[in-house]
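The questions and answers below walk through the secondary structure elements of one protein and how they pack together. Please keep the sequence and the model open while reading.

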Amino acid sequence: MVISADTGQENARTRTILAFDCWLPGFTYVAELANEPGISLVFVHTSSMQTGEPAKEYESFRKQYDAPSWVHDFSEFGYDFQSMFERIKPDALLVTSLHHIEDRTALCYATSRNVPTYFIPHGIFLLQDSPQPVESKKKSLAGKFSAFLSKLPRAGYYTRFFWKFHFQMIRNGSRKNDLGKALRVYRSLIGDYQSWQWQPNAAVQQYYARSIDTLILYDASIASYFEKKFGAITTGARIVESGTLDVTRLLRQLRNAPPARRATGHKGQAYFISSPYPEYFSNPESRKACAEILTRLADLVRETGFDGLVYRPHPGEPAEFTAEICQASGARIDTRRDFTGLVEADLIIGTSSSLLYSAVLLRKPIAIWSTGRLKIDPPYYEPLISYPKIAIDADKPRDVEAIAKLATIEPLEAEIDLSGLKDPIADLARMVRN
């Protein structure tokens, strides 16, 4: 802080936070930082480097999102970390993922330049087990070969990204030239990507060791999860208990525009929160299953007295996919990117999205759907696990047990208590300013 000689008032120097991510929609998670006093936000994404399905998704994202002026593609810095850091001169680096190669690489570079690093998860990722198995036919030899070919673009992308920035950091002195260690990390990256992401081995941990200074988590008790899964990557990190990024947006919306009171006794909309896996978009059988399941759920909520079903797309969901499955089901797409639909709904339907955490805070009735036709994650975090829920078997043409329970739901005009909720964006801005 600098005290103005003329006024005697505090005049805070503007701090620059660089948020680095692998995809364009990531800016929506951290956008509230741009509204923080004394903070200049620069968001850089690597979308133009992507190959395979992510490259196709990027073309869709460019049409979907009207990105603000503080959003930039890595290409604007020549795909060079040194150039990016020298031009932006960040006071802090923020990532919203620890399991992507792009974020881990940025963390290492920031650490080499003594730039403080922060992590706020863009969702709640506490995957303890494998996703629910999908009922599927055994793949033929041709099917296996096709699946192998589909992975080649991503393998090529990870190969180019890893070695490009490994040698780039050696040249600028931010990493030692240990080819043997790098080869072990690369072998894990290509040969066992799931483990490289979610439970990295010792070689991977040491390669990215001590690259994160502060973990901002919605519950301090889950720090043990990161310690167990990521080991040396998070060793020595400070733990700050706050809220989720969704809570930031929910809090600020409710404070700025409290919801109007509604007449009780009438069931309004049911609200479906999409939490897809990427294969939903590209696999024809998965797309068909999504449309049929959504149709079944829409019929079910109408039968039990709700006005209809509103569909909230995932930020990474292609618009044409959303339009296709909603047209088939008659669900209305929530085109707003705020929390109005969630706040106004009388029933929330989903699987494990972090948005369900906000639904719990709002004390909404929640229904969890399951299927054997798609890869999904059932609830895996608290307080969602222990929160009362209605189970819907989406593989049944008509789940009679779920219908009976949904029919008993009475719309409640519950008071929303904001006093105990924490804002991770405000907490981050405060730490960086200090």
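Two strands are said to pair if DSSP finds at least two bridges between them, and helices (H or I, at least four residues) and strands (E, at least two) are DSSP runs numbered from the N terminus. This is a predicted model, in which local features need pLDDT of at least 70, side-chain atom pairs count only at pLDDT 80 or more, and totals for chains, interfaces and linings use all residues. Residues are numbered from 1 along each chain as its sequence is written, and side-chain values use heavy atoms, with hydrogens and water left out.

Q: Which residue in β11 stands opposite Y271?
A: Strand β10 (residues 269–273) pairs with β11 in the parallel sense over five bridges. Within this pairing, the residue of β11 opposite Y271 is V310.

Q: Which residue of β12 stands opposite V310?
A: β11 also pairs in the parallel sense with strand β12 (residues 332–333), here over two bridges. Together with helix α13 (residues 319–329), β11 and β12 make a right-handed β-α-β unit, where right-handed means that, with the strands pointing away from the viewer, the path from the first strand over the helix to the second runs clockwise. In β12, the residue opposite V310 is R332.

Q: Which strands stand at the edges of the open sheet of seven strands?
A: The order in this sheet is β5-β4-β3-β6-β7-β8-β9, with parallel pairing. Each edge strand has a single partner, so one side of it is left without a neighbour in the sheet; these strands are β5 (71–73) and β9 (238–241).

Q: Which residue in β4 is the bridge partner of D21?
A: β3 is joined to strand β6 (residues 92–95) by three bridges in a parallel arrangement, with A19 opposite L94. With β4, β3 pairs in the parallel sense over seven bridges. In that pairing, the partner of D21 is H45.

Q: At about what angle to β3 does helix α3 (residues 81–88) run?
A: Both faces of β3 are covered, with R15, I17, A19 and D21 buried on one side and T16, L18 and F20 on the other. Axes are lines fitted to C-alpha atoms, for helices over the stretch in contact (heavy atoms within 4.5 Å), and angles run from 0 to 180 degrees between N-to-C directions. Helix α3 lies across β3 (15–21) and β4 (39–45), and its angle to β3 is about 155°.

Q: Which exposed residues does the face of α9 turned away from its buried side carry?
A: In helix α9 (residues 223–230), the buried residues are A223, Y225, F226, K229 and F230. They cover an arc of only 155° around the axis (taken from the directions from the helix axis to the C-beta atoms), which puts them on the same side of α9. What covers them includes α4 (101–112), β7, α7 (193–198), α8 (202–207), β8 and β9. The face turned away carries the exposed residues E227 and K228.

Notes. Buried means under 20% relative accessible area, exposed over 50%, partly exposed in between (1.4 Å probe, protein chains only).
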